[in-house]
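Thank you all for coming. Please take a moment with the sequence and the structure before I start, and then we can go through them together.

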Amino acid sequence: MSHQQSSHEQQTDAELIAEVLEQNKPAAAEAGGEEPAAEEAVSIESLRQQLEQAQQQAAANLDKALRTQAEMENLKKRVQKDLDDERKYGLAKFAKELLSVLDSLELGIQAASGDSPEVVKLREGSLLTVKQFESVFAKFNIETIDPLGQPFNPEFHQAMVMQPSETAEPNSVLNVFQKGYILNGRLLRPAMVVVAKAADKPADGAKIDEQA
């Protein structure tokens, strides 16, 4: 009897242990499943942060690339403009030196007023040289400013004196001391001119004297 009771108690203890283990399995399984889930959540958040950082870096790189491209375009335009200016106006200094020679020729033509064969031949030769100058100037887009009778333009004319005139329009060019020149639209030398102004009116006292 005691043997059967002891065996029943042992069996009961074994069953209790098995039952406890069976009850603890879901808890252990549940406890073991929380850690991978937490690790997975941390991994996703880390990837999301890395993605945001990568997107920000990509945007910064794109902005830098666009700025660099814009700077290169501006540099290219500046270099092209400098080359164009050098091509158009690189002759300015040389042309100014030639103007002095041309001025001397024209003064010599004005001074050669005699009718002797020597003077006539000198004048004709000088005129031919002036025409050659004009041909070369036209080839390099150098234009002459000879504004006799035209309205005074301070951008291209330099007024040497104002002179009363009853025949010329006020503020018009009455005489040209020295011709001006333009190189590719840019002023090379202004024309030195005499500008007309309205004739002075006689004073009232003079009118009274004339009537008397």
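Before anything else I need one definition, which is that a residue counts as buried when its relative accessible area is under 20% and as exposed when that area is over 50%. Please also keep in mind that what we are looking at is a predicted model.

With that cut-off in hand, let us turn to Arg 189, which has its place in strand E5, residues 186-189. Its relative accessible area is 15%, so Arg 189 is buried. What does the side chain of Arg 189 meet in a salt bridge? The partner is the side chain of Asp 103, with 2.7 Å from N to O, and Asp 103 is buried as well. This pair links distant parts of the chain, since Arg 189 is in strand E5 and Asp 103 is in helix H2, 86 residues apart. The side chain of Arg 189 also reaches the backbone oxygen of Lys 179, at 2.7 Å.

Lys 179 in turn forms a salt bridge with Glu 106, where the closest N and O atoms are 3.6 Å apart. Because Lys 179 lies in the loop between strands E3 and E4 while Glu 106 belongs to helix H2, this pair ties together parts that are 73 residues apart in sequence. Glu 106 is buried, at 18%, whereas Lys 179, at 26%, counts as partly exposed.

The structure holds 3 salt bridges, and one of them joins Asp 63 and Arg 67, at 2.9 Å from N to O. Here both residues lie in helix H1, 4 residues apart, which is about one turn of the helix. Asp 63 is partly exposed, with 38% relative accessibility, and Arg 67 is exposed, with 54%.

Let me come back to helix H2, whose 20 residues should span 28 Å at 1.5 Å a residue, and whose end C-alpha atoms are 29 Å apart, which agrees. Among the buried residues of H2 are Leu 99, Leu 102 and Ile 109.

In soluble globular proteins, nonpolar side chains tend to be buried together. The largest nonpolar core in this model has 14 residues, and Leu 102, Phe 137 and Tyr 181 are among those with the most contacts inside it. Helix H2 gives the most to this core, with 6 residues. Leaving out residues up to four places away in sequence, Leu 102 touches Val 130, Phe 133, Phe 137 and Tyr 181. Apart from this core lies another, of 7 residues, including Val 173 and Ala 191.

Definitions and conventions: Residues are numbered from 1 along each chain as its sequence is written. This is a predicted model: local features need pLDDT of at least 70, side-chain atom pairs count only at pLDDT 80 or more; totals for chains, interfaces and linings use all residues. Side-chain values use heavy atoms; hydrogens and water are left out. Helices (H or I, at least four residues) and strands (E, at least two) are DSSP runs, numbered from the N terminus. The expected span of a helix is 1.5 Å times one less than its number of residues. Buried means under 20% relative accessible area, exposed over 50%, partly exposed in between (1.4 Å probe, protein chains only). A polar contact is a pair of N or O atoms within 3.5 Å; within protein, one must be able to donate a hydrogen and the other to accept it, and residues adjacent in sequence count only if both atoms are side-chain atoms. A nonpolar core is a set of buried Ala, Val, Leu, Ile, Met, Phe, Trp, Tyr and Cys residues joined through side-chain atoms within 4.5 Å. Contact means heavy atoms within 4.5 Å. A salt bridge is a side-chain nitrogen of Lys or Arg within 4 Å of a carboxyl oxygen of Asp or Glu.
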